[in-house]
Amino acid sequence: MNNEFKLVEPEQLTDNSFKLVGKDWMLITAGNIEKYNMMTASWGGFGVLWNKKVCFCFVRPSRYTYQFMEENDTFTLSFFEEDYRKALSFCGANSGRDVDKAAATGITPVESPFGSVYFKEARLVMECKKLYYQDLDPSHFLDPAIESNYKQNDYHRVYVGEIIRCYAKN
């Protein structure tokens with residue numbers, strides 16, 4: 001673990017989860033230090049499921065990060081200060097198939113003791129072990145307005161991950 005971070009229990013966090021995910025955004029990252037990808041996300045959440053501290057996040061199959069999520073048992077959620085908004089915007093608007101997003105934005109990949117990738121510049125990182133996934137099924141949308149998020153019928157896969165480590169900046 002990078003010595004700028006300390007291990008914390010998720011229950012110790014004081015961030016508002018609605019602001020953290022929906023307003024501040026996060027990078028979902030999967031893979032290993034040799035080959036990984038990250039994407040900006042503003043959908044997801046945290047809670048308790050199956051007596052475990054969990055997060056859930058959403059990735060469309062068309063995203064480059066999807067293949068890394070499928071191929072790896074762990075992933076990270078990295079949260080940044082507002083100074084990194086441009087970097088997060090870049091990571092959300094560009095594909096890792098075409099550009100090295102870390103190099104282009106100046107953020108530094110770091111390998112966790114468990115082989116996951118997070119970023120030195122993050123203020124908060126949640127390292128997660130995949131527990132479950134499910135493809136969204138539009139026939140289950142109870143509010144027809146939800147369909148407007150899927151003009152190309154590119155429905156997300158939801159991943160539920162157990163939060164196995166939580167790192168916060170010292």
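The lining of the largest pocket consists of 5 nonpolar, 4 polar and 2 charged residues. The model is predicted: local features need pLDDT of at least 70, side-chain atom pairs count only at pLDDT 80 or more, and totals for chains, interfaces and linings use all residues. Residues are numbered from 1 along each chain as its sequence is written, and side-chain values use heavy atoms, without hydrogens and water.

**Exercise 1.** State which strand gives the most to the lining of the largest pocket.

Solution. Begin with the volume, about 230 Å³. Next, list the lining: Trp-25, Met-39, Thr-40, Ala-41, Ser-42, Trp-43, Phe-58, Arg-60, Arg-63, Gly-92 and His-156. Strand S3 (residues 35-41) gives the most, with 3 residues.

**Exercise 2.** Describe the lining of the second largest pocket.

Solution. This pocket holds about 180 Å³ of space. Of its 13 lining residues, Pro-10, Leu-13, Phe-46, Gly-47 and Ile-163 lie nearest the centre. Helix H1 (17-23), S4 and strand S5 (52-59) each give two or more residues to this lining. S4 supplies the largest share, 3 residues. By class, the lining has 8 nonpolar, 2 polar and 3 charged residues.

**Exercise 3.** Locate Leu-49 in the fold and classify its accessibility.

Solution. Leu-49 lies in strand S4 (residues 44-49). Its relative accessibility is 32%, so Leu-49 counts as partly exposed (buried is under 20% relative accessible area, exposed over 50%, partly exposed in between, with a 1.4 Å probe and protein chains only).

Conventions. Helices (H or I, at least four residues) and strands (E, at least two) are DSSP runs, numbered from the N terminus. On a 1 Å grid over the protein atoms alone, a cavity is a set of points where a 1.4 Å probe fits but cannot get out, and a pocket is an open set with protein on both sides within 12 Å along at least five of seven lines; lining residues have an atom within 4 Å of a point. Grid points are joined across faces, edges and corners, and a volume is the space filled by probe spheres set on the points. Ala, Val, Leu, Ile, Met, Phe, Trp, Tyr, Cys and Pro count as nonpolar, Asp, Glu, Lys and Arg as charged, and the others, Gly among them, as polar.
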